[in-house]
Amino acid sequence: MSKIKLCAILLFFLLAGCAGVEKSDQQYWPKIPALEFFKKGERVLILAPHPDDEAIACAGVIQQALDAGAKVRIVYLTNGDHNELAFIVYEKRITVRQGEFVHMGKLRRQESIKAMQSLGLSEKDLVFLGYPDYGTFNIFSQHWQASKPFRDRLTRISSVPYKDNLSYGAAYCGQNILNDLSMQILDYKPDKIFVSHPADVNVDHKSLYLFLQVALSDLEGQFPSPKVYPYLVHCVGWPKPRHYHPELDLYPPNKFIDSEINWTRLDLGFGELDKKYQAILFYKSQTESSAFYLFSFARENELFGDYPVLELAPQEISKDEVISYSGASKMLKDTSLPECSIKDELTEGGGQVSYAEENGYFVVRVDKTKKLSNRFGVLLYIFGYSKDTGFAIMPKIRIIATANKSRVFNGQKRVVNSGVLLESGRNYIILKIPLKLLGNPDYVLTALKAFHGNLPIDAVGFRKVKIK
């Protein structure tokens, strides 16, 4: 049996075992309000991490905006050249050659052009940046200088290789991505921006949301602030059932109930839904391996929602006083493994993450419903923003902590004597991070993952937390 056939068979059984139909999401969700109507002359900007995200998440948005007389522009962060499985299935061969992955990126660019033309856009409405697929979160958290760019493990290059792209030749570093995105926003001055979700499990989807937050902060006051509508694509086991079900509504994953996210929906007419389905068909490089998944987004509506911004009031706490926490973000099951492979006995149960500012510290508290095992640990990301300091030189902090020790990193470097304080109990871990270590920020973008050994079990998506 060939390697390709073996991969296909294994993939089939893996997906079949995890794609069972759960109870209708509708019974768990209250009525979700409708997205406001588009207006003539409005500028709508859609930010897509990869070619096809704009179709599966926003094809209805594109059609209704154009029908209302609004303008639409799409900016693609990557060309989607890192999907190894899709490459194998589409090309029916295994390769490790650098040029083959660049070839896939060029192909996906052409697929997007054709798909968007079918929805009423022209090629001039599409902007391709071409930064590394599956590498942009690494860039955001660790690579901001052009002198030390990110190097892609598949293409083995460190600059944009696509001659037809806006960013051709640009080094894979955060400052270049931020400059390109800011330039597009300032040039277009959008009224509404649709972007990937901060709780999406795909790293490029998270990073595009983060880059947008920084860009909008840098551009504040230069044009009216746009409304931002994040869309969710990657969430383990969602949406169900798989395949094309135009008769069904698309509801948020059940795990987001009580998550503080304010959801809205855009309802699609029959003709709009059919055009969305036809647009997805143009992505042949992806549908040959993932049609069951992509078509599951062609339903009666599209979904958008974000966490509210959290504002902390500073507290001066004496020895015997109790800190007042805010936020209380519900921890969600978040793993790169299929749901059917997660054993209940390995999970720690539900929990929440909350925040405070106390005596010059940013405080993060993790509470769990069960006793913490000795294998429980957390990975905390904290990216501070200050209007007075360029984001490239602001600290990019990540902390790996267990009940009795923590390791602190700023970008790629270990921070010794960081000043981070750790406290733990039967059901909680508290981390106190000096605001000075974070660059004395105006706000932070922070997210947390929980682990049982090496197995990711729970997470909280990126939240924007203002520091007063």
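**Pocket lining and nonpolar cores**

The residues that line the second largest pocket of this predicted model comprise 12 nonpolar, four polar and seven charged residues. This lining consists of 23 residues in total, and those that lie nearest the centre of the pocket are Q213, L216, S217, S225 and K464. The space within the second largest pocket amounts to about 560 Å³. At least two lining residues are supplied by each of helix 7, which spans residues 203-218, and strand 21, which spans residues 455-467; helix 7 makes the largest contribution to the lining, with four residues.

The largest nonpolar core contains 55 residues, among which M116, F194 and F256 touch the most other members. The greatest share of this core comes from helix 2, formed by residues 53-67, which gives eight residues. When neighbours within four places in sequence are set aside, F256 is found in contact with W29, A199, L232, C235, I261, W263, Y307 and L332.

The average pLDDT of the protein chain is 88, and 87% of the residues score at least 70. Residues 1-24, however, have a pLDDT below 50, although in the model this stretch has 21 contacts beyond near neighbours in sequence. The pLDDT is likewise below 50 over residues 336-346, a stretch for which the model shows 17 contacts beyond near neighbours in sequence.

Key: Residues are numbered from 1 along each chain as its sequence is written. This is a predicted model: local features need pLDDT of at least 70, side-chain atom pairs count only at pLDDT 80 or more; totals for chains, interfaces and linings use all residues. Side-chain values use heavy atoms; hydrogens and water are left out. On a 1 Å grid over the protein atoms alone, a cavity is a set of points where a 1.4 Å probe fits but cannot get out, and a pocket is an open set with protein on both sides within 12 Å along at least five of seven lines; lining residues have an atom within 4 Å of a point. Grid points are joined across faces, edges and corners, and a volume is the space filled by probe spheres set on the points. Ala, Val, Leu, Ile, Met, Phe, Trp, Tyr, Cys and Pro count as nonpolar, Asp, Glu, Lys and Arg as charged, and the others, Gly among them, as polar. A nonpolar core is a set of buried Ala, Val, Leu, Ile, Met, Phe, Trp, Tyr and Cys residues joined through side-chain atoms within 4.5 Å. Buried means under 20% relative accessible area, exposed over 50%, partly exposed in between (1.4 Å probe, protein chains only). Contact means heavy atoms within 4.5 Å. pLDDT is the predictor's confidence in each residue, from 0 to 100.
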